[in-house]
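Visitor: I'd like to learn how to read this fold, feature by feature. Could we start with the sheets and then go to the cores?

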Amino acid sequence: MHAVPKALTLEEIKEATKADTTVQVVIQAIQTKQWHNAKLQPRVDRKSVECFFHIQNELSVNSDQSLLLRGTRIVIPSKLQNHVIDLAHGGHQGISRTKQLLREKVWFPTIDKQVEEKVSCCLACQVTTNTSNIEPLRMPEASKNPWESVSIDFCGPFPSGEYLLVLIDDYSRYPEVDIIRTVAHTTVIPCLDKIFATHGIPGTVKSDNGAPFNSTEFKQFANYLGFQHQRITPYWPQANGEAERFMRTLKKTARTAKVEGRSWKQNLFTFLRNYRATPHSVTHQAPATLLFNRAINVKLPQSQTVAPADPNHQQALDASCKSRQKNKVYFDERNKAKSSEFKVGDAVLLRNSKKASNDNRQVTRNSSHFKKFKEKKGETDNPADKEEQPSKQNTNERPKRKTKPPAYFGYKQSDK
Ligand SMILES: [Zn+2]
């Protein structure tokens with residue numbers, strides 16, 4: 001059974017970089033441009049130095065010389081190389097996808113060979129893979145924009161009796177996966193409603209001809225949101241080799257969890273996170289990057305946060321900063337705010353929260369939740385027990401919703 005590999009922090013890499021003789025010699029060689037001596041230093045791995053020498057133009061050192069970089073990728077010292085491969089193989093993607101995910105963030109000499117050796121020896125992968133990896137087919141029609149057209153199918157049932165609702169954006173190949181108990185329209189439509197709330201309503205939804213996509217309710221749902229529903233015959237996976245392959249991988253993920261004695265849902269989320277961050281074999285871009293315009297963080301270290309160089313972002317940041325300052329001035333003036341004068345050991349009243357209890361627990365609040373408690377002489381009981389009563393008006397109660405969603409959405413009365 002495998003232990004789940006822990007995420008690597010930059011600090012750990014810096015530490016290992018400092019302790020790695022070969023990397024230190026390379027850092028020196030970059031700074032002094034004296035490569036001829038590097039190989040001759042004691043306790044260095046000559047082959048690695050040779051490797052670094054050939055790519056010296058791509059190498060650099062960060063400002064405090066704690067990390068060696070190849071372009072924007074962090075060079076991983078030998079001590080941590082196995083760990084980093086384990087992280088990239090989390091969720092058990094195949095060899096080429098594991099390599100691709102690694103190459104997004106890190107590099108080290110013989111990286112490809114090491115991944116091949118490690119992944120081909122992975123027990124969980126060997127037990128569960130019965131077909132060779134076939135390269136995905138191209139999509140029949142190219143989608144020109146993110147979320148313009150999406151494809152849906154189901155995977156399962158799994159031993160737990162559950163199914164996976166799988167929806168893939170045809171442009172970015174970004175998958176949304178939901179665990180569902182049945183494939184009835186009463187379950188599927190609310191799921192899609194939630195996904196379309198996150199990403200917006202797609203132009204076209206492609207599916208097979210089966211239930212629940214052939215139901216009147218689904219047709220009404222499509223009309224209600226205003227997307228086109230394209231039913232593809234023959235069965236969708238044949239029309240879409242990429243999706244078929246993705247489904248196969250999903251099933252494998254569930255089976256590897258069994259081999260490793262882990263929750264298949266946990267494996268599923270690890271797999272999805274890595275899948276979304278790995279460049280796709282057709283687009284050469286990570287699905288998340290195409291859909292969100294930013295690289296998402298996975299457990300692998302990242303040398304820098306790549307902020308999109310979009311002027312909209314700068315404007316949004318400026319506006320948000322201005323608003324915060326304005327609010328502060330307004331608040332302080334209006335409330336004649338001054339820093340609270342509590343000392344350690346002061347008795348205080350705590351503003352009552354909904355779930356107040358009378359024990360002596362420690363509470364963490366902004367100081368505005370406290371009020372200094374004036375003790376009467378001779379009173380010895382615990383002042384913290386005296387809680388200020390809030391005003392009768394209960395602002396937490398939601399206003400009654402007037403319109404209810406159409407019944408075919410599958411929402412129950414109790415969801416109102
Ligand atoms: Zn594996």
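Guide: Two strands pair if DSSP finds at least two bridges between them. Strands here are DSSP E runs of at least two residues, helices are H or I runs of at least four, and both are numbered from the N terminus. A word on the source: this is a predicted model, in which local features need pLDDT of at least 70, side-chain atom pairs count only at pLDDT 80 or more, and totals for chains, interfaces and linings use all residues. Residues are numbered from 1 along each chain as its sequence is written.

Visitor: In which sense do strand E2 and strand E3 pair?

Guide: Antiparallel: E2 (residues 68-70) meets E3 (residues 73-75) over 2 bridges. Arg70 sits opposite Arg73 in E3. Both strands belong to an open sheet of 4 strands, ordered E1-E2-E3-E4 with mixed pairing. At its edges are E1 (59-61) and E4 (106-107), each pairing on one side only.

Visitor: What is the strand order in the open sheet of 5 strands?

Guide: Read it as E7-E6-E5-E8-E9, again with mixed pairing. The edges are E7 (175-180) and E9 (228-231), and the twist averages 20° from one strand to the next. For angles, axes are lines fitted to C-alpha atoms (for helices, over the stretch in contact), and values run from 0 to 180 degrees between N-to-C directions. Within this sheet, E5 (residues 149-155) and E8 (residues 204-207) are parallel over 3 bridges, with Ser149 opposite Thr204 in E8. Helix H8 (residues 185-199) lies across E6 (163-169) and E7, at about 145° to E7.

Visitor: And the cores?

Guide: In soluble globular proteins, nonpolar side chains tend to be buried together. A residue is buried if 20 or more other C-beta atoms lie within 10 Å of its own, exposed at 12 or fewer, partly exposed in between, with C-beta atoms placed from the backbone. A nonpolar core joins buried Ala, Val, Leu, Ile, Met, Phe, Trp, Tyr and Cys residues through C-beta atoms within 7 Å. The largest one here has 35 residues, and Val26, Ile76 and Val106 are among those touching the most other members.

Visitor: Why does this core lie between domain 1 and domain 2?

Guide: Because domain 1 (10-128) and domain 2 (149-301 + 309-327) both give residues to this core; the bounds come from an automatic or database domain assignment. A second, separate core of 19 residues includes Ile152 and Phe246.

Visitor: Which residues does Val106 contact, leaving aside neighbours within four places in sequence?

Guide: Contact means C-beta atoms, placed from the backbone, within 7 Å. Val106 is in contact with Arg73, Ile74, Ile76, Val84, Leu300 and Pro301.

Conventions. Contact = placed C-beta atoms within 7 Å.
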